Amino acid sequence: MSRFSNTVIGLLNLLTLLASIPVLGAGLWMARGTSTACQEFLRTPLLFIGFIVLLVSLAGFIGACFRIVMAMWIYLVVVFILMVTFLSFIIFGITVTSKSGGGFEVPGRVYKEYRLDHYSPWMRNRVMNPRDWETIRSCILSSKSCSKVTSWTPLDYLQRDLSPIQSGCCKPPSSCNYAMATTSGQDQDCFRWNNAQPLLCYECDSCKAGLLEEVKRSWNKIVVLNIVVLLFLIALFSAAWCAYQNVQRTETDHPYGENRITKARPRWDYYWWRWWNERKEQIY
């Protein structure tokens, strides 16, 4: 039973070690040659996550399988930091997205439209920065979301649904009335709309609101995933703590209790420490 936790930790970290290789490979592949702004935006997190998972898994695997206390101690610290980080993400995600968005119904339409002021100030600030929005805009363009609705007829807009990004970025707000002699008093997005495909309503507040609605929906799913990951990390930390204690018991000089067991297979540095202690006794 004493070796069970070490075996579990060793196998789990071997799996995560192998899983980090494709993640690193994807990040390196995106870094090869010319890449778009959207690819550059995704490349750095991929490389960072893959590198961290690789190092943590390597420390856990070496510590559990080769019974190295320092490696297991580092692994425990990192797993604890990850637990706190995921818990912070869960609280932050719930706080930011709990009472915002949702959109409002458009009379005679299946889809909804979205307003920027319906979202939290923190989320609004992320899309109001021109530099950040330029990167996000390139990602929306590369996704070709609007190309799917360019051939729609007016009847299609009455009968078919739109995603939040399509509703905000691919058409002007439904309240716009371009048949009027003057457009004063209308939504400012009515003036930002342009029929040119590279422009459309990508600079509209409704487009930014549609993006935030997509982010909110994704975050709601990510919060659930983070809760599952947090529970997994708690179980992993418990198993790693047992493995850490088992590794300590196999130390030549047991630090937290007296070791009365004679080991048939001494640790890898046992003979080195024995030779060093004998040399010190001869010298002094």
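1. Is N6 buried or exposed? N6 counts as buried, because its relative accessibility is 4% (buried is under 20% relative accessible area, exposed over 50%, partly exposed in between, with a 1.4 Å probe and protein chains only). Before going on: this is a predicted model, where local features need pLDDT of at least 70 and side-chain atom pairs count only at pLDDT 80 or more, while totals for chains, interfaces and linings use all residues. Residues are numbered from 1 along each chain as its sequence is written, and side-chain values use heavy atoms, with hydrogens and water left out.

2. Staying with N6, it sits in helix α1, residues 4–31 (helices are DSSP runs of H or I, at least four residues, numbered from the N terminus). Its side chain reaches the backbone oxygen of A64 at 3.4 Å (a polar contact is a pair of N or O atoms within 3.5 Å, one able to donate a hydrogen and the other to accept it; residues adjacent in sequence count only if both atoms are side-chain atoms). Leaving out residues up to four places away in sequence, N6 touches A64, R67, A243, N246 and V247 (contact means heavy atoms within 4.5 Å).

3. A polar atom of the S206 side chain lies 2.9 Å from the backbone oxygen of G168. G168 is also among the residues S206 touches, along with Y114, D189 and C201, again not counting residues up to four places away in sequence.

4. Now the inside. The largest nonpolar core has 24 residues, and I140, C169 and Y202 have the most contacts inside it (such a core is a set of buried Ala, Val, Leu, Ile, Met, Phe, Trp, Tyr and Cys residues joined through side-chain atoms within 4.5 Å). Two or more residues each come from α4 (121–128), α5 (130–143), α7 (164–169) and α9, with α9 giving the largest share, four residues. A second, separate core has 19 residues, including I9, M83, V223 and A239.

5. Last, the surface. M70, W73, I74, V77, F80, I81 and V84 make a nonpolar patch of about 660 Å² (patch residues have over 30% relative accessible area and no salt bridge; nonpolar side chains are joined within 5 Å, like charges within 9 Å; a salt bridge is a side-chain nitrogen of Lys or Arg within 4 Å of a carboxyl oxygen of Asp or Glu). Of these, I81 lies in helix α3, residues 69–97, and is partly exposed, at 46% relative accessible area.

Note on methods. Areas by Shrake-Rupley, 256 points an atom, 1.4 Å probe, with all protein chains shown as cover.
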